Amino acid sequence: MAAYVNRTISMMAGDGPHNVAMLNNGAVRVNMSNVDSPLQIFVRAKKKINDIFVEIDDYVKDAVTFMHAVTGENGIATPQDLANVEAYVSKVQAIREVLKRDHMKVAFFGRTSNGKSTVINAMLHDKILPSGIGHTTNCFLQVEGSDTDESFLRTEGSEEKLNVQSVSQLGHALCASRLQECSLVHVYWPRELCALLRDDVVLVDSPGVDVTPNLDEWIDKYCLDADVFVLVANAESTLMVTEKNFFHKVSTKISQPNIFILNNRWDASASEPEYLDQVRTQHANRCVDFLSRELRVCSPKEAEERIFFISAKEALLTRMREREKPVSSPILAEGHQVRYFEFVDFERKFEECISKSAVRTKFAQHSRRGKNIAAEVMAALELIYNTATDQKASKVEKQRVLHEQLSAIEDQLTTITRQMKDKINRMVESVEHKVSLTLSQEIRRLSALVDEHAGLFRAERGALDAYKRALHRHVEQGLGERLKKRLSADIGHEMDQAQKEMADRMYNILPMHKRAAAATYIMPHQQPFEVLYRLNCDNLCADFQEDLSFRFSYGITALIQRFQGKNTNKIALKNPPQYTPIPPTVSPLPANSEVVRAGALAGGVGLSPEEWGMLSKFALGALTSQGTMGGLLLSGLLLKTVGWRIVAVTGVVYGALYAYERLTWTAKAQERVFKKQYVAHASKKLRLIVDLTSANCSHQVQQELSTMFARLCRLIDEATTEMDSELSEVKEAIKMLESASTSAKKLRNKANYLSHELELFDDAFLKHN
Ligand SMILES: Nc1nc2c(ncn2[C@@H]2O[C@H](COP(=O)(O)OP(=O)(O)OP(=O)(O)O)[C@@H](O)[C@H]2O)c(=O)[nH]1
């Protein structure tokens, strides 16, 4: 027996969770260090996946912040995309909460008094749960590590901390204030006092399966999240139907539950050593059969590894002694070391099993969900990245097109401006020439126009003034109509052509969407173009003074004037006068303008106008004086030369001519003379305003075309301004899209990193588990 014990000790010391040593007094000490405990797999896995979920949490929050920035108007993510990713924040939070609470749970079941509480106490190395003969545990007792160093109780649904000593009352079936059998009491025990608790193992004690009909309720409440079930059987008897029945129910609700069978009270076999092996074999076979054949939760070989023959009472006692705690019965039966080693062996296998199982059942699903979340968020970011990339490409293209359009418009506008300027200048010159020519021609035809006037002519002052006003109107109107007829249509046609060409060329460089606006903005001429000029005969001929006094054509004065006029012309021709240019003006010339002109002519022969006046008066005075000596001498000379008869006949003829002219000096003749004088005067005045009028008309044309060109240029300017601001917007959008695609790419890559981390987690903790 001693050899068997030593062999078992050396075997277990090598790979067990606890270093085992036999003490001098025959007791066995087990090192509580849990550095190499299989439970550390769960601990490390929990820490790792918790760290990964912290990163996933940060990642999802970063993704939500990013998506907020790119969602909305002109955004690249839809509110639905944002809502989808936002939903993961709470999901990750929920997983982290579950992770915090994740532990390895082992539930102990069996018939009353089989020793469930004693097994748990032995595993906890202390007498924590009530145990005793008869029906002791009357409700579920869950022992777990307390975060603080204190030990306390908490009943289900209550936050009140109760004294841990009260567990023997609350959980004891014999206690007056006992709880419902289905209720749960949390027993918090300092982690530092127990390696199992430190490593997140939670142990659940239960009332005997033979004392309740509510097995289904138990299973639903306490078994569904259990990683390992321990059936504590009584080695003194055999597996009972009630026990089997319970686990049948468990296996229908949980797929492949991990079930260990402890044949407790094996110390009883010490009193009957001769049947020890047979009984053990019998129990073991039945248990293997139950697990592998009836429940089908494992293979027979695996089942063999999950069946143990122990004495919880001895194990607890041994551990109490190790911890130098008072024990009621220090005497242990023969073979207690072997049973204790088997108990330790159970613990090691149980720890391996519960650790692997908990990692697989709890963290596998977390890992899967983490990967799904990373993949879903990555898909959303991939979509945003693609959208941002596509939109950026189209914006870059738009930017290129806008650049091209702007520089094309600028080039074309420069060319068109130069050409249009030339065209306007040519048109202005042409119009000026045309108006000048036409007006000059019309001035030459002024006598015909004046002759057409058929008003009642009378020589009285009042009637004459009225006639003059009527004639002014007639000339204004007639001249106006003729000019309009000859110029407006012609120039108007040229204007229309020029404007049309201008508009066509400008439209062509406008962007398409502006053309419609331009078409409505620049309306074609509703009215034909009209040359505007101001012909105000009232002002122009205000200085006109008719001379309607009778003058005999052959009177001496007339003859001298005629003679004088010829000589003056001769003098004028010999000495061409230097005219002082008179600036064209619409205001009437001064009344003494003739004097000025005469003065200018006089200047041509070197005499001042005053000197010429004196000379003329003297000559005329000399010739026209009837009573002077000169006249007498001339008469005498004529009489002596040609004879008195000829003089008489000439006198008669001369008298007859005078009488005739005097008699024909009627209102008609006076009107003719008036019109002639008017034509001469008006022609002279109109000639003065030819340049001004033609300049005005050409200016009008220039104004009209320049205004139109300016309006078109304004349209182009508006269009280019719009295009400039559009270009700025496009540049901004490109910047935003660039930054969005970079961020989306970074976040997408982080999702890859997280998925990779979870893959590594699977490799480390799940794949070979
Ligand atoms: N001889 C012996 N007695 C044991 C062993 N384990 C437990 N007992 C005793 O069996 C009695 C019942 O033990 P408990 O641990 O209360 O059994 P239980 O299964 O928890 O019983 P309930 O709580 O009523 O369901 C106690 O007196 C224990 O001391 C053992 O291995 N050997």
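Tutor: Let us begin with an annotation. In an unreviewed entry, UniProt lists residues 642-660 as "transmembrane region". Please note that the model is predicted.

Student: How much of residues 642-660 is helix, and how much is strand?

Tutor: The chain there is 95% helix and 0% strand.

Student: Changing topic: what is the strand order in the open sheet?

Tutor: The open sheet has nine strands, in the order β6-β5-β7-β4-β8-β3-β9-β10-β11, and the pairing is mixed. At its edges are β6 (162-163) and β11 (307-309), each of which pairs on one side only.

Student: In which sense do β4 and β8 pair?

Tutor: Strand β4, residues 140-146, pairs with strand β8, residues 201-205, in the antiparallel sense, over three bridges. Within this pairing, Leu141 stands opposite Asp205 in β8.

Student: And which strands does helix α4 lie across?

Tutor: Helix α4 (residues 116-124) lies across β3, β4, β7, β8, β9 and β10. Its direction is at about 160 degrees to β8.

Student: What about confidence: what pLDDT does the chain average?

Tutor: The average is 81, and 81% of the residues score at least 70. Over residues 1-33, however, the pLDDT is below 50, and this stretch has 46 contacts in the model beyond near neighbours in sequence.

Student: What are the ipTM and pTM scores?

Tutor: The model scores ipTM 0.99 and pTM 0.65.

Notes: Residues are numbered from 1 along each chain as its sequence is written. This is a predicted model: local features need pLDDT of at least 70, side-chain atom pairs count only at pLDDT 80 or more; totals for chains, interfaces and linings use all residues. Two strands pair if DSSP finds at least two bridges between them. Helices (H or I, at least four residues) and strands (E, at least two) are DSSP runs, numbered from the N terminus. Two residues are in contact if their C-beta atoms, placed from the backbone, lie within 7 Å. Axes are lines fitted to C-alpha atoms, for helices over the stretch in contact, and angles run from 0 to 180 degrees between N-to-C directions. UniProt positions are given in the numbering used here, feature names are shortened, and annotations may be inferred rather than shown by experiment. pLDDT is the predictor's confidence in each residue, from 0 to 100.
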